[in-house]
Each structure stands twice: as structure tokens, then as C-alpha cells.
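Welcome, and thanks for taking a look at this one. Below is a short tour of the structure, grouped by topic so that you can follow along in your viewer.

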Amino acid sequence: MNDQQVVIIGGSEGIGLAVAKAATALGARVLAVARTREKLEAAQRAVNGLEIQVADINNTESLQGLFAQLPFVDHVYIAAGSTKVGSPLEAEIGDFRHKFDERLWGSVEVVRAAHGLMRPGGSFTFTGGLSSDRPVNGAWVSGIATMATEQLARVLALELAPLRFNAVAPGYTDTPMWDTIFPELGVRVLDEVAKKNPVPRLVTADEVAQAVLLLMQNKAITGETIHVDCGARLV
């Protein structure tokens, strides 16, 4: 990936940071984007040569300004997105809507801002998830939103060909996201769930990053979703 420009939305931690490390190791020029400068600066210290930029996937002008600074782009990976846990009959519907919009419409906004800069062979990779196939009580927003982003990859692979669009669908992955969703327990709340997997453990961010790099590098893959879930969809 020498001299290729990779942009990672949500690149300051977790899977996004793992993709930044892997792409940099292959010679890519990597720009990590997130809302929090402190997290980006920590990522920059962890990845030699990483470039950083503060921008918000929920803000159209912010995304347009981000990509306006770049002469070209080869690959974009969107790791940004979280969830709101709770019953659809409880809490404010706007809280749930925001989490859905961030994953689906945020991804669309990134494509609209970046597609004109893409060089031949370029790709977008979205983040789906295990919840597309195996929704769980309380995480209904994730179940809808991850499926929406996986379908987005399929439809845009036709709508905007020959640009390539794919998705990666992680299972329960050891990332800081769970510390936000379950602030008291973090990833420990998932231990018993993970033991039921055919591969009885959590997925690592590095393992998901390997799949993202494959989708970037293999120019014959488009409209595809790669599952990295320790077999969790099967049980």
C-alpha cells in the first residue's frame, strides 16, 4: 500500500486504530479522524507517522472540510459508531435515532464528501456487526443500524461502480466502546457470552483490521461483508 492515502473515520481507538497501525505498516499514508483531539494525539503517539484531524461524522460541513484538504484518497474505513441500549418504548426516541443516523447517514455523508477524490481501485469499507444476524434484547438500534450499513455497501457497489464498497462485521470485540456502553464492567460483561462461541473468546481489534485491509487491497471484492466473529453467528 505504498503511498496510498487511507482515511479512517473513528481512527483514534479500537478497530479504527488497529486499521491505522496495519495500513501504516504496509506503507500507506494514514489520516485518523475523530471528534476528540486528546484521543487522536494519543493515537498519533502510538502509530509512527500517523496524521490526525478532528472532524465529526454527524456534521456535513466538518466532513466536507476534512476531505477538501486532500488531493486524493485511495481507501476510506468508517469505524465511527456506537449504540443506545434500552427498550424501543423507553427513553427519548431522539437518543436512539441519533445512534442509527450516525451509522447510516454518517456513512452516506462520508461517501458524498470523499467519492470525487477516489483514485482508480479505491474503496470504502463500512462497519456492520454480529447484531445484523443475531440481535439481542436491548440492542435493537444496533441490529437495525449494522444491517443498514452492510446493505449500504451492497447497493453502493452498484450505484457508484467502479468504486468498491464493502463491510466488515465484527463479533464481540475487545475495544474501548464497551467501557462506554457498560461503564461498570467494560468488556468483562461479554466474557460469558464469548465462551459460547465456536472459538471461545472475544475477537481482537487486530483481527478485524486484517479483514479491513483485505477489503482495501483485493480489487476484485465489492459488495461483500466479511464476518470476523469467532463463529458467533452459528450459535
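## Backbone points worth a look

Cys 230 counts as buried, because its relative accessibility is 12%. Please keep in mind that this is a predicted model.

**More on the backbone**

- Asp 3 is not a glycine either, yet its phi is positive, at about 65°.
- Asp 3 sits in the segment before E1, and with a relative accessibility of 64% Asp 3 counts as exposed.
- Between Ala 161 and Pro 162 the peptide bond is cis, and its omega is near 10°.
- Pro 162 belongs to the loop between helix H5 (140-159) and strand E6 (164-170).
- Leu 160 is also found in the loop between H5 and E6, where Leu 160 is partly exposed with a relative accessible area of 30%.
- Leaving aside residues up to four places away in sequence, Leu 160 touches Val 111 and Phe 165.
- Leu 160 and Val 111 are 49 residues apart along the chain, and their C-alpha atoms are separated by 10.0 Å.

**Nonpolar cores**

- The largest nonpolar core has 30 residues, and the members that touch the most others are Val 6, Val 19, Val 30, Leu 50, Tyr 77 and Met 216.
- Two or more residues of this core come from each of strand E1 (5-9), helix H1 (14-25), strand E2 (29-34), helix H2 (37-46) and helix H8 (205-217).
- H8 gives the largest share of this core, with seven residues.
- A further core lies apart from this one; it has 28 residues, including Ile 57, Val 110, Leu 163 and Phe 165.
- What does Val 6 touch, not counting residues up to four places away in sequence? The contacts of Val 6 are Met 1, Ala 23, Ala 28, Arg 29, Val 30, Leu 31, His 75 and Met 216.

**Salt bridges**

- How many salt bridges does the structure hold? There are seven salt bridges in the structure.
- One of them pairs Asp 56 with Arg 35, with the closest N and O atoms 3.2 Å apart.
- Asp 56 lies in the loop between strand E3 (51-54) and helix H3 (60-68), while Arg 35 lies in the loop between E2 and H2, so this pair ties together parts that are 21 residues apart in sequence.
- Both partners count as partly exposed: Asp 56 has a relative accessibility of 23%, and Arg 35 has one of 47%.
- A network of salt bridges links Arg 35, Asp 56 and Glu 102.
- Arg 201 forms a salt bridge with Glu 207, where the closest N and O atoms are 2.7 Å apart.
- Arg 201 is partly exposed at 35% relative accessibility, and Glu 207 is partly exposed at 24%.
- Another salt bridge joins Arg 233 and Asp 229, whose closest N and O atoms are 3.0 Å apart.

**A buried lysine without a salt bridge**

- Lys 99 has its place in helix H4 (residues 93-114).
- Buried or exposed, and with or without a salt bridge: which holds for Lys 99? Lys 99 is buried and has no salt bridge.
- The nearest side chain of opposite charge is that of Glu 102, 4.7 Å away from Lys 99; a salt bridge would need a side-chain nitrogen within 4 Å of a carboxyl oxygen.
- Beyond residues up to four places away in sequence, the contacts of Lys 99 are Ser 82, Thr 83, Lys 84 and Val 141.

**Cavity**

- The structure holds one cavity of 30 Å³ or more, and the volume of the largest cavity is about 30 Å³.
- Which residues line the largest cavity? The lining is formed by Ile 78, Ala 80, Arg 103, Ser 107, Thr 127 and Thr 149.

How values were computed. Residues are numbered from 1 along each chain as its sequence is written. This is a predicted model: local features need pLDDT of at least 70, side-chain atom pairs count only at pLDDT 80 or more; totals for chains, interfaces and linings use all residues. Side-chain values use heavy atoms; hydrogens and water are left out. A nonpolar core is a set of buried Ala, Val, Leu, Ile, Met, Phe, Trp, Tyr and Cys residues joined through side-chain atoms within 4.5 Å. Buried means under 20% relative accessible area, exposed over 50%, partly exposed in between (1.4 Å probe, protein chains only). Helices (H or I, at least four residues) and strands (E, at least two) are DSSP runs, numbered from the N terminus. Contact means heavy atoms within 4.5 Å. Lys and Arg count as positive and Asp and Glu as negative; His and the chain ends are not counted. On a 1 Å grid over the protein atoms alone, a cavity is a set of points where a 1.4 Å probe fits but cannot get out, and a pocket is an open set with protein on both sides within 12 Å along at least five of seven lines; lining residues have an atom within 4 Å of a point. Grid points are joined across faces, edges and corners, and a volume is the space filled by probe spheres set on the points.
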